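User: Please take a close look at the interface between the two chains and describe it in one connected account.

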Amino acid sequence: MIKNVVTLSFPVEEKLCIRKQRILPAGYNKESDLSGLRRFSVVTGTHGDELEGQYVCYEVSRILQENTDKLKGIVDIYPALNPLGIDSLERGIPGFDLDMNRIFPGNSHGSMAEHAAASIVEDLSGSDMVIDIHSSNLYLTEIPQARISEVFQNELIPYAKHLNIDFIWVHSASTVLEATLAHSLNSTGTPTIVVEMGIGLRLTQAYGRQLTQGIFSLMKYMGIWDGEAVIPRKPLISTETDDVEFLNAPVSGVFIQHMEHNSFVNKGDVIGIIADPLRGECLHKVKAPCTGVIFTLRDFPMVDEGSLIGRMLRAEAIDEDVLDAYRRRGARQVSSLDLARYRGGEEE
Amino acid sequence: MKKILLFSKDSLYRENMKVYGYLFGTDTLEEGKKTIAVVSGMRGNEFTQIYEASQLVKRLKILEEQGRVRRDKGILVVPAVNPYSINSEKRFWPSDNTDINRMFPGYDLGETTQRVAASLFNVLDGFEYGIHLTSHYISGNFVPHVSIQDTGRDYAESAKAFGLAYIRLRRPSHYDTTTLNYNWQIWNTRAYSIYGGDDKAVDREVSERVVSAILNFMNANGMIEFDHHRGFISSLITEDDICVIKSSHAGFFDCSARAGDYVRKGMRLARIIDTGSGEVISEIKAPEDGTILFIQSNPLAFADSQLMLLVR
């Protein structure tokens, strides 16, 4: 059953429609009394360049519609909170300066975007769980991970552990992030977990399948799904700011990746190089600042001074059994760069 | 006048981005001489604002040659914080579309625009007064006015020295906490943002008024001698004094009102014209008596969206 959450007129023969698919258990229809049922919502597409959630929405919707006899609650799927952005390959809303995920809880007296944001929050409020799926941006690849503000960690971590993700990152609170959809919902009593995975403008099907399984695992834990579900994998968990190391480019150039994403590396291992094609020089060797796991890695090759190249979770923050599994897989190289042959780029 | 390189940033294939300041009244930016900084061009399409800063440099140079700039008061004007975006005709940072004015106070080990913000804030921190010539997130035409964050309410009266029509006190939204204005006043600079004119082209008339307003302010605070017309007796307004005018219909936005017009309740301000049939499908009337503060420049109206602001 497809419903319009927001309908606003455009100037020429079109309306902005933000829609959701509502799936009900077998035996229920739109006339039924739904008051006793729990509600689970999956949202994505706030940023028009983040498409990984499209696969998940499709799979969750398809599987549920084939198995409504095993569904015990309401599932609402919102695949496109920013239809214009998705249509035009734009992260934001075309013609609007602000990031859509910085205008929540919205304002029914503001611009079209702020008006839409207010309607979205109103519609999602009251869900027993909201999963808000993001996919990094055009530049960086992320392993499937939940991002949780420290303010809400006690409520959300027990649920996030069922999502079959690789990493739970509890980050510190910031005033700017209070304008996100997740914060607006969490602070008004609707539990919301942000999932980041993959990369912008692409589908990483393996991650999509992993999170889809995780959503069914979490729905089972919450008593909304009665069918089969995987036993969720044990995630890395970081709750301290010092657990995570940021790698920023010290110079502008072309980043050539050497280590694979989601690798375990030792301090000093070369993750990649920053090169100057005009001069044929290696400008910098990007070395691991600590021993641990690369959970974010740059995929887009051009870097400015300061561009984020990756993020690492320090080994000290990782449980021994999880760390062992990473150690056994070892550092995986994607290139055959013979690093010994590259001159330059050494730190003083 | 001394033109100084404030900071630069390297690039693989472009020339280094160089951000210059024009210094008056003193030769160095040492502590105790940081009196006022005027900053513009943080976004690549803030043409009127960049023009205003350039005209301010020109006027200050003449005043300095005439001996009318105090020697112990440092005046810094930075017309173009973001040459890379201006030169590539982008509003935001060319490679990642981030807004420098959402990155303050900056972080010198962070991402590119955080580093630009940090380099700039390193220069701007410690000034007694700070003026940011800036533009709104909705493209349009503003009556020139001074905007101050609500958190700077204690110095709002001082903005009357500009002699602009309005001093607008704004409650900071979450996203405002990373602007230059907000961070300046957190670090004890009296910060003023000046909005005005249309952002599609250089508005010379508005620029002239804004430059005079800044010179008025500098004169009133003992930085320069400038005896010119003093402008308006400013009204202090808050969000409660501002009425948002929207349209319930979408179509061509045929606006007959102009920013600055005084209108009476019920007066027709604009018509919404159907984009197919050409028929007038709605008229927008003034909801009460007041002055138009802002009109959007988009020729199209979207339904339920802000088109104008009216000061009651």
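**The interface of chain B and chain A**

Analyst: B:Arg115 and A:Glu305 form a salt bridge, with their closest N and O atoms 3.7 Å apart; the term denotes a side-chain nitrogen of Lys or Arg within 4 Å of a carboxyl oxygen of Asp or Glu. Across the interface of chain B and chain A, the rule finds one salt bridge.

This is a predicted model, in which local features need pLDDT of at least 70 and side-chain atom pairs count only at pLDDT 80 or more, whereas totals for chains, interfaces and linings use all residues. Residues are numbered from 1 along each chain as its sequence is written, chains are lettered from A and ligands numbered from 1 in the order in which they are written, and side-chain values use heavy atoms, leaving out hydrogens and water.

In this interface, 35 residues of chain B are in contact with 37 residues of chain A, contact meaning heavy atoms within 4.5 Å. The two chains bury about 2,900 Å² between them, 55% of it on carbon and sulfur atoms; buried area is the accessible area (1.4 Å probe) that two parts lose on being put together, summed over both. B:Leu12, B:Tyr137 and B:His174 supply 23% of the area that chain B buries against chain A, more than any other three residues.

The rule also finds 11 residue pairs in polar contact across this interface, both residues at pLDDT 80 or more. Such a contact is a pair of N or O atoms within 3.5 Å; within protein, one must be able to donate a hydrogen and the other to accept it, and residues adjacent in sequence count only if both atoms are side-chain atoms.
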